Amino acid sequence: MFSDTENKQLNTTRGTQITGKGDPMPKKGSKSGRGTMLVDDGQLSLFEMADASLEELSDHLEYVVSDPVTAFVKPDEAKKKCLTEDSAETHRLPVASPPLAPNDAFGHPHNDINSVNAFCAGLIDRFPTLTGHQSYKPGSTKARLVEMLNECLETNTTPRSTTDRRLISRREMASRLCVNHTLFSSTLKDILIDYEIVLEIIQPVATLPELPRFGAMPDQIRPLDEASRQVVTRYPNLSKHQHYPEKSTANEIVQILNAQIVSSGLERSRGGKISRKLITGRLGLSQTALTMYAQILEDYENEVGGKESVTEAKIPAIRQWLEQQIDQGTLLIRDGKVSRIQMFSEFGFAKTNTLLIRYPRLAELIEEFDKRVAETSYQPKEIVEKLRRLRELLEEPPVGKDGQTFDRTELSNLLDLPRDTLLRPPFVEVVASEELKFKERLKSDPFLASVGGRVFKCHPLIELGWSASFATRFKESFERRYRKSTKDNAKVAFSAATELLSFIATNKSAACVALLEGLSNGVNARNLAKEFTLTTQAYRDSLVERYDHIPSRNGKLTMTNSVIKIFSNDGIFPPHELGLIAFREDNPNHLRSVAEVTETTRGKPKNPHVDDYLHFATSMLKQAAEVRQIEITGLDQGDFNRVLRAELENHEFKAAENPAKVILHVLTRRLDLIKTAAIKLLDKGRALWDRG
């Protein structure tokens with residue numbers, strides 16, 4: 001089969017008009033032109049034969065050849081093929097005989113085919129269309145051209161065009177024949193066309209060795225420099241690039257590459273190829289100028305090897321690093337996969353996933369370790385410790401404002417983690433699971449209070465002896481009264497209230513026992529005011545043993561007074577008629593200033609604590625009167641208050657004194673004085689009685 005170019009050449013071969021006798025006819029439209037017959041282009045050369053050959057060729061004119069190859073097989077076969085291909089259309093042109101030089105007339109009959117040498121005989125037998133070219137007049141230009149072409153075919157030395165190697169070189173043949181090369185575009189054109197078709201069959205262009213490029217002259221080898229010799233010794237296949245003309249761009253590129261190989265190796269770009277930018281920079285060329293020299297660069301890349309990117313060259317080191325990190329438990333995980341950020345930072349890569357798209361081998365390596373992480377449920381040691389700490393925190397978790405979910409911001413702060421970390425595995429699963437359990441507990445457990453983003457357990461009250469109904473009422477009241485409080489305020493209030501309740505439950509005094517039983521059994525809290533007052537005063541006394549630091553005691557008393565007031569108003573505690581008095585902090589080493597020494601005390605009470613103690617004594621007097629059903633008039637109460645105030649003014653108070661004991665001490669002393677005065681009166685009366 002012929003190439004497209006060959007078919008085109010064959011189809012454009014001239015056609016001829018002939019008579020039935022084989023004589024040339026005028027062109028179509030001439031006066032003598034009648035009875036014309038169209039001839040296929042492939043048969044054109046048959047008409048430039050001697051007269052003796054016309055009879056022999058008459059058989060060929062009875063049919064038209066439509067297949068270019070048919071022109072080169074035996075006439076009988078060609079005729080048979082054409083007769084069977086009725087549908088084939090043939091391009092026909094009028095026959096016009098070309099102008100000939102004076103010495104190019106047909107030769108004599110003695111120039112017969114039998115006089116041709118053996119090679120030509122075999123050639124003509126194989127390609128019959130060349131027969132007509134063998135009978136030109138000896139010594140003519142055409143005859144000499146045919147003889148020269150036959151010799152070239154025999155020795156495989158046909159000169160080919162450098163622009164299209166399928167064509168015979170017109171200039172070379174013109175030089176050998178010593179004629180003007182323009183003849184090959186007119187008179188001698190048909191001969192070359194027929195021989196070019198034969199040449200493609202005998203010696204196809206695809207089988208020819210590659211021509212040297214960029215002006216290389218392998219036949220004129222010049223001495224190589226030291227760098228070129230070393231390169232050729234190490235890479236023999238690069239020898240074909242060592243003979244470009246000096247000062248040519250190709251030679252300069254080769255010299256740069258040779259110098260790189262000899263010194264430190266080829267300079268490569270990020271993709272592993274030879275750095276084009278470096279070469280164009282040195283030679284002052286544009287980036288696109290190296291396109292025509294791409295083969296040189298590719299040959300060097302293929303021969304030297306190592307055609308891989310700088311990134312992919314690190315794959316063995318990356319694999320070793322990943323193995324080591326897993327063994328040490330320091331490989332970070334993000335969303336159940338290897339942390340790209342950690343790995344990219346370790347090896348100086350850009351922190352973008354386009355790196356994995358650009359380098360598929362690196363992506364395969366990371367996918368391999370992603371799969372291993374998933375299969376082995378690997379977690380870094382740091383994450384394992386954080387998970388343990390998280391589970392501990394979720395035993396008493398910080399609760400959000402809705403009281404139903406966990407405060408993840410607070411959890412993140414306690415774990416020293418970014419907030420969004422708890423929204424990713426493995427933390428998100430743990431938090432979600434515990435949060436679901438927490439919601440279920442809130443629904444089913446009546447002793448869990450959620451206030452200020454924190455859960456408070458009321459179960460210890462049950463363990464101390466308080467009834468479940470009281471614990472439930474206390475829990476509901478606590479949530480209701482402190483629902484808008486902050487977490488810290490709610491925590492302090494709950495602690496103060498439960499501490500007081502714990503004291504009541506554990507103290508064995510009659511007032512505490514009565515208070516515990518009454519509140520647990522649903523007794524109206526107002527009926528237990530006396531017991532509650534005595535209990536709170538006893539609680540105040542207990543702080544002396546628990547806290548040596550007086551400000552700590554007073555802080556506890558302040559918070560206790562606050563919760564008593566709140567829960568008393570809600571009916572959980574009895575009314576509090578006497579608040580818990582703060583402890584006085586005396587400093588024996590304090591020296592009074594001049595102002596304090598000279599300060600007048602006129603109109604000021606001698607002791608600032610008298611009013612508090614007097615109020616306490618008055619309330620106790622009222623309670624005692626109610627219990628014993630004694631009516632006390634305002635005059636009696638006024639006398640009592642006046643005398644008691646006078647006694648309290650003269651009393652020297654000490655730190656941490658119980659108000660009840662102070663009043664009892666004053667009253668006892670008053671009773672003793674009354675008793676003493678009564679005894680004196682009785683003794684005086686007896687003496688008068690005895691004396692008569």
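**Figure 1. Overview of the chain.** The chain contains 29 helices and seven strands. The model shown is predicted. Of its 692 residues, 40% count as buried. The accessible surface of the chain amounts to about 39,900 Å², and 52% of this area belongs to carbon and sulfur atoms. Among contacts with a separation of 6 or more, 67% are between residues 24 or more positions apart. The structure holds 21 salt bridges and zero disulfides.

**Figure 2. Helix 6 and its two faces.** Helix 6 spans residues 170-177, and M173, A174 and L177 are its buried residues in this view. These residues lie on the same side of helix 6 because they cover an arc of only 100 degrees around the axis. The cover over the buried residues of helix 6 includes helix 5, residues 141-155. On the face turned away from the buried side, helix 6 carries the exposed residues R171 and S175.

**Figure 3. The ends of helix 6.** At the N-terminal end, helix 6 is capped by S169, which places a side-chain oxygen 3.2 Å from the backbone nitrogen of E172. C178 follows helix 6 and has a positive phi, near 60 degrees. Is C178 buried or exposed? With a relative accessible area of 70%, C178 is exposed, since the cut-off for that class is over 50%.

**Figure 4. C512, a buried cysteine.** The relative accessibility of C512 is 0%, so this residue counts as buried. C178, by comparison, has a relative accessible area of 70% and is exposed. The structure holds zero disulfides.

Figure 5. R319 and E368 form a salt bridge in which the closest N and O atoms are 2.9 Å apart. R319 belongs to helix 13 and E368 to helix 16 (residues 360-376); the pair links distant parts of the chain, 49 residues apart. R319 has 32% relative accessibility and therefore counts as partly exposed. E368 is also partly exposed, with a relative accessible area of 34%.

Figure 6. The side chains of R340 and D370 meet in a salt bridge, with an N to O distance of 2.9 Å. R340 lies in helix 14 (residues 340-346) and D370 in helix 16, so this pair ties together parts of the chain 30 residues apart in sequence. D370 has a relative accessible area of 10% and is therefore buried.

Figure 7. A salt bridge joins the side chains of R546 and E499, at 2.1 Å from N to O. R546 is in helix 24 (residues 529-546) and E499 in helix 22 (residues 487-506), and the pair links distant parts of the chain that are 47 residues apart. Which accessibility class does R546 fall into? At 41% relative accessibility, R546 counts as partly exposed. E499, in contrast, is buried, with a relative accessible area of 15%.

**Figure 8. A network of salt bridges.** Which residues are linked in a network of salt bridges? The network is made up of E385, R388, R389 and E392.

Figure 9. Q325 lies in helix 13, which comprises residues 315-328. The relative accessibility of Q325 is 10%, so Q325 counts as buried. Apart from neighbours within four places in sequence, Q325 is in contact with T330, L331, Q342 and Y378.

**Figure 10. D299 and its polar contact.** D299 lies in helix 11, residues 294-304. With a relative accessible area of 11%, D299 is buried, because that class covers values under 20%. Which residues does D299 touch, not counting those up to four places away in sequence? D299 touches L238, K240 and H241. With H241, the side chain of D299 makes a polar contact to the side chain at 2.7 Å.

Definitions and conventions. Residues are numbered from 1 along each chain as its sequence is written. This is a predicted model: local features need pLDDT of at least 70, side-chain atom pairs count only at pLDDT 80 or more; totals for chains, interfaces and linings use all residues. Side-chain values use heavy atoms; hydrogens and water are left out. Buried means under 20% relative accessible area, exposed over 50%, partly exposed in between (1.4 Å probe, protein chains only). Helices (H or I, at least four residues) and strands (E, at least two) are DSSP runs, numbered from the N terminus. The arc is that of the directions from the helix axis to the C-beta atoms. Contact means heavy atoms within 4.5 Å. A polar contact is a pair of N or O atoms within 3.5 Å; within protein, one must be able to donate a hydrogen and the other to accept it, and residues adjacent in sequence count only if both atoms are side-chain atoms. A disulfide is a pair of cysteine sulfur atoms within 2.5 Å. Accessible areas come from the Shrake-Rupley method with a 1.4 Å probe; for residues, only the protein chains shown count as cover. A salt bridge is a side-chain nitrogen of Lys or Arg within 4 Å of a carboxyl oxygen of Asp or Glu.
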